[in-house]
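Colleague: I would like to learn how to read a structure of this kind feature by feature, with the general idea given before each case. Could we go through it together?

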Amino acid sequence: RFIAKPCAINLGIQDSGPHRAQPNAILEKVFTSITKSPDGKRLEGLSKQLDWDVRKIQRWFRHRRNQDKPTTLTKFCESMWRFTFYLSIFFYGIRFLWTAPWFWDTRQCWYNYPFQPLTSRLYYYYILELAFYWSLMFSQFTDIKRKDFLIMFVHHLATIGLITFSYMNNMVRVGTLVLCLHDASDFLLEAAKLANYAKYQRLCDAFFMLFGVVFIVTRLGIYPFWILNTTLFESWELIGPYPSWWLFNGLLVTLQVLHIIWSYLIIRTASKALVRGKVSKDDRSDVESSSEEEDVTSNSTKGIFSTSSNGSNRLNGHMAGGQWTGE
């Protein structure tokens, strides 16, 4: 309200929503009480009842669905909040871990386990991260539903489970490595969204490409060969097969599976960008144009992020007409 909104207004972002649907009591009743996406049979019935063309009715429902979506200003403010948090917590983690011995030698995560001290800096790092991911868990149910909703739901469950479980079992050293690694790319994604909402196309594409590189390097390179290596093999060697070993590593492997799925989507988006000369729409999004004509003409102009994404997420916009999803 006091920082992000003035920034958005200075960048020329207006607090204006999408085109509003023409008032119609019959269609409104169908929309609110029966379905927001009527099938062909219902469309034919409404067409006869209203003496409207089917395409006109389809357009009305698209406008009505888009009418409930947040404005670009709202999404900019939400992304700026996320960008601020991710950037701050990442640098806090780096500053804290830079002097930590287990940052340079992962075997230190298991020496003298479980009798390892919990410092105040480590405690606050954990509590802040846990609080943030709990907020994501709750907000995803009020966000615009995306194609990767189930994946994000599993991700949040696994993350919260890992943070809580590692804290309860005093596996906080390796936990801090996992948290910092995941924060490394998130602020770049939010920076790309901010550039998109401000209509800086090239800056948006540059941030997204940088995000893709960092994401793949950290999630497909460092994570399996650094994090999973120490939790699967070094821990087994140094402290043996403890009872919670299977659950802890099961959650970590679940995250790796999600990393692979998201990396595939990022690579596919980046490959389209190389062919078309700019980033295409995000494959995780559910795109709705305001008309059939827009569906055709916007193919050459839409970017990876969308002005119809939710006020919060996630992997979750680019130029108006495109759509961005998510974290």
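Predicted model: local features only at pLDDT ≥ 70, side-chain atom pairs only at ≥ 80, totals over all residues.

Colleague: How many helices and how many strands does the protein chain have?

Modeller: Helices (H or I, at least four residues) and strands (E, at least two) are DSSP runs, numbered from the N terminus. By that reading the protein chain has 12 helices and zero strands.

Colleague: What share of the residues is buried?

Modeller: Buried means under 20% relative accessible area, exposed means over 50%, and partly exposed lies in between, with a 1.4 Å probe and protein chains only. Of the 327 residues in the protein chain, buried residues make up 52%. As an exposed case, Q49, in helix 3 (residues 40-50), has 53% relative accessibility and therefore counts as exposed.

Colleague: Where does helix 10 have a kink?

Modeller: The bend at a residue is the angle between axes fitted to the seven residues ending there and the seven starting there. In helix 10 (residues 201-239) a kink of about 55° lies at Y223, shortly before the proline P224. Just after helix 10, G240 takes a positive phi of about 85°.

Colleague: Which residues other than glycine have a positive phi?

Modeller: Most residues other than glycine have a negative phi, and most peptide bonds are trans. Among the exceptions here is N112, with phi near 65°, in the loop between helix 6 and helix 7; N112 counts as exposed because its relative accessibility is 53%. Another is N170, with a positive phi of about 60°, in the loop between helix 8 and helix 9; N170 is buried, because its relative accessible area is 15%.

Colleague: Is the peptide bond from Y113 to P114 cis or trans?

Modeller: The bond from Y113 to P114 is cis, with omega near 5°. P114 is found in the loop between helix 6 (101-104) and helix 7.

Colleague: What is F103 in contact with?

Modeller: Contact means heavy atoms within 4.5 Å. F103, in helix 6, is in contact with L97, W98, L177 and W226, leaving aside its neighbours within four places in sequence. F103 is buried, because its relative accessible area is 15%. The C-alpha atoms of F103 and T176 are separated by 9.1 Å, although these residues are 73 apart along the chain.

Colleague: Which residues does H182 contact?

Modeller: H182, found in helix 9, is in contact with R219, Y223, L255 and H259, again leaving aside neighbours within four places in sequence. With 5% relative accessibility, H182 therefore counts as buried. L255 is also touched by T159, whose place is in helix 8. T159 touches Y133 as well, not counting residues up to four places away in sequence, and T159 counts as buried because its relative accessibility is 8%.

Colleague: How much space lies in the largest cavity, and which residues are closest to its centre?

Modeller: On a 1 Å grid over the protein atoms alone, a cavity is a set of points where a 1.4 Å probe fits but cannot get out, and lining residues have an atom within 4 Å of a point. Grid points are joined across faces, edges and corners, and a volume is the space filled by probe spheres set on the points. The largest cavity holds about 140 Å³ of space. Of the 14 residues that line the largest cavity, L162, I163, G175, V178 and L179 are the closest to its centre.

Colleague: Which helix supplies the largest share of that lining?

Modeller: Helix 8 does, with five residues. Helix 7 (120-139), helix 8 (149-168), helix 9 (172-197) and helix 11 (245-276) each supply at least two residues of the lining.

Conventions:
Residues numbered from 1 in each chain as written. Heavy atoms only, no water. 1 Å grid on protein atoms, 1.4 Å probe; cavity = no way out; pocket = protein on both sides within 12 Å on 5 of 7 lines; lining within 4 Å.
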